[in-house]
Amino acid sequence: LMTLPDTPERAQWELTLLLTLGPVVIAAKGYAAAEVERVYRRAWQLCQHLEEPAQLFPVLVGLRRFYQVRAVFQTARELGEQLLVMAQSRNDPALLLEARFGIGITLYYLGDCVASRAQCQQGIMLYAAPHQRSRTVFFGQDPGVACYTYEALALWLLGYPDQALHRSREGLHLAQQLAHPFSLAFALLHGAVLHTARREGQATQEVAEAALTLAMEQGFAFWLAWGTFLRGWALARQGDAQGGIAQMCQGLEAARAIGAEVGRSGFLALLAQ
């Protein structure tokens with residue numbers, strides 16, 4: 001690209017490459033890595049220059065995820081609402097699904113679990129796996145899996161532990177069917193979080209270790225850090241306090257190293273209860 005003249009065609013090539021690069025950077029370094037923001041910020045600038053609204057949607061998805069995990073929730077919510085307006089104007093079920101989940105996850109972290117669950121439920125109603133699979137890689141992870149996962153967490157906080165576990169298992173089953181590694185790691189680790197909430201040390205360890213194996217095979221730094229922390233919690237819960245705390249500290253340090261401290265996700269507050 002650096003050898004090409006500064007033309008609209010060159011800008012379009014750069015935008016296409018950035019949209020391909022974004023999900024890869026997220027998978028390799030985590031949602032909140034500084035490089036993620038650089039990629040999607042540059043892509044946003046190109047969209048403004050090219051006036052390409054069709055390509056603006058995945059750019060805003062990437063930025064929303066970055067700010068979500070950085071805990072800049074108001075910005076994430078504003079981006080989610082912008083995505084919903086765009087999706088509704090195009091009447092595209094795949095875009096609506098992504099937008100619904102984006103708003104749902106932000107509402108979850110803002111503490112509105114009733115509204116969060118409603119958004120995730122609407123997303124699940126929109127989901128049809130064969131139709132959506134072509135969009136999974138484009139957005140980096142399967143939104144159907146994500147909706148099941150966060151509805152499960154919302155159900156737990158609303159006082160429905162058995163329904164939460166059932167929903168979590170549905171999301172994991174879907175991720176296994178899709179055979180999309182990043183989405184599977186997402187489902188496994190959020191499932192492990194649910195097991196910690198249920199104070200199930202052995203189940204947490206089993207699921208976290210499955211996620212760790214996958215993360216190491218695929219090079220998912222964010223999930224590797226998170227899985228190490230959760231396995232440490234499970235060990236401590238089962239009586240190995242010293243070894244467990246050491247692994248939890250190891251997971252936190254790994255998360256800090258990639259600029260995505262686990263504590264900002266809100267899960268440490270849950271695990272500390």
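**Aromatic rings in a predicted model**

User: Why does Phe220 count as buried?

Analyst: Phe220 has 6% relative accessibility. Buried means under 20% relative accessible area, exposed over 50%, partly exposed in between (1.4 Å probe, protein chains only). So Phe220 is buried. This is a predicted model, where local features need pLDDT of at least 70, side-chain atom pairs count only at pLDDT 80 or more, and totals for chains, interfaces and linings use all residues. Residues are numbered from 1 along each chain as its sequence is written, and side-chain values use heavy atoms, leaving out hydrogens and water.

User: How many aromatic pairs are there, and what makes Tyr31 and Trp223 an edge-to-face pair?

Analyst: There are 16 aromatic pairs. Tyr31 and Trp223 lie 5.8 Å apart, centre to centre, with 80 degrees between the planes. Rings of Phe, Tyr and Trp (its six-membered ring) pair if their centres lie within 6.5 Å; planes under 30 degrees apart are stacked, over 60 edge-to-face, the rest tilted. Therefore this pair is edge-to-face.

User: How do you know that this pair links distant parts of the chain?

Analyst: Tyr31 sits in the loop between helix H1 (8-29) and helix H2 (34-50). Trp223 is in helix H12 (residues 221-237), 192 residues apart from Tyr31. Helices (H or I, at least four residues) are DSSP runs, numbered from the N terminus.

User: Why is Trp223 called buried?

Analyst: Trp223 has 1% relative accessibility, so Trp223 counts as buried.

User: What makes Phe182 and Phe220 edge-to-face?

Analyst: Their planes stand 90 degrees apart, and their centres 5.2 Å.

Technical notes
Helix = DSSP H or I, 4+ residues; strand = E, 2+ residues; numbered from the N terminus.
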